[in-house]
Amino acid sequence: MAGQPDRETRVEARKEQGNWERFADRFHTIQENIEKVIQGKGAEVRLAVVALVAEGHLLIEDVPGVGKTMLAKALARSIDCSFRRIQFTPDLLPTDVTGVNVFNQERGDFEFKPGAIFANIVLADEINRASPKTQSALLESMEERQVTVDTVTYQLGAPFMVIATQNPIEHEGTYPLPEAQLDRFMMRIALGYPGAEAEIGILATHGYVSTLDSIEPVTDAPGVAELAVMAREVHVAPALRRYIVDIAEASRRHPDLYLGASPRASIMLLRASRVAAASEGRDYVVPDDVKVLAVPVLSHRIIVTADAAMSGRTAEAILSQLLAEVPVPVRGEA
């Protein structure tokens, strides 16, 4: 058709296969480095690295003592870049996060003192313990990668990732994250308890010294940024884009869901799928990439109706049902 490049031209425009193999090697190097600290949780560690390369943010929700903070620290230590930890408490102020203008008596004017958000990797520990006003200080940073203080906008570095943790069991003195803020996180994961053999290994290593101190960076900020740029070039067939939209629309029509997946959720699922495909050395997305990522990307963006929740239905179970019902595109369509 006139005005459109033919298939041969499109193939020539793609990167050589060797580049995608190098992408996969670098991706798995980061993952394996983190797994030296977080043992027995390969799937969860992989999702964290996918979120990093896909330029998304990660919410880790689980009970105390399973390694939520350790995962965030190990991810940051694997990358030679800046890292800040913010311990969210009820008395934390928005300016503690974003920064504040302070009057300089020597110069006779105000100067900006950056807050803890000015780092490549930011750990928001126990994010639901801060007031909604402080939580909202993250909204602009997470979505637009910038901070506005007193009408002046400051750009954040690249990569930029917020890793937030929260305890779903203890609710006393906490402020649940609103849906608008949950939607800013690309994924929500839970580590869960380790298996018996993995826990024995944890005791054998962590019982003497912290393995976190023994790992070294395996890449740097420019290296992660390069992977992120490469991932944007992964091919997604029109049929697969339709498949992602079909999943989102099915969630909006489901009788057990009060709120379905947003268009931002579809975008996040697309971006994460591209990284997942590249991590396997492919320059194209397949339906399995989408299916594996659908639950961690969508589960925190949907709301189960009261009746369904009373009957024990969870967001994860409903999404699994949707994935089984939505038709998967076949090879000819993709």
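The chain exposes about 16,500 Å², and carbon and sulfur atoms supply 53% of that area (accessible areas come from the Shrake-Rupley method with a 1.4 Å probe, and for residues only the protein chains shown count as cover). Keep in mind that this is a predicted model: local features need pLDDT of at least 70, side-chain atom pairs count only at pLDDT 80 or more, and totals for chains, interfaces and linings use all residues. Residues are numbered from 1 along each chain as its sequence is written, and side-chain values use heavy atoms, with hydrogens and water left out.

What about the inside? Buried residues make up 48% of the 334 residues, where buried means under 20% relative accessible area with a 1.4 Å probe, protein chains only.

Five of the strands form an open, parallel sheet in the order 3-6-9-1-10, and two strands count as paired if DSSP finds at least two bridges between them. Strand 3 (83–87) and strand 10 (187–189) stand at the edges with a single partner strand each, so one side of each has no neighbour in the sheet. Further in, strand 1 (residues 58–61) pairs with strand 9 (residues 161–166) over four bridges, in the parallel sense, and Leu58 stands opposite Ile163.

Helix 4 (residues 68–77) lies across strands 1, 3, 6, 9 and 10, running at about 165 degrees to strand 9. Such angles run from 0 to 180 degrees between N-to-C directions, with axes fitted to C-alpha atoms, for helices over the stretch in contact; contact means heavy atoms within 4.5 Å.

Elsewhere, strand 7 (residues 146–149) and strand 8 (residues 152–155) pair in the antiparallel sense over four bridges. They form a hairpin with two residues between them, and Asp150 in the turn has a positive phi of about 55 degrees.

Finally, look at helix 13 (residues 287–298) and helix 15 (residues 315–325), which pack at about 150 degrees with their axes 10 Å apart. Among the residues making the contact are Ala294 and Leu298 of helix 13 and Leu319 and Leu323 of helix 15.

How values were computed: Buried < 20%, exposed > 50% of the residue type's maximum accessible area, 1.4 Å probe, protein only.
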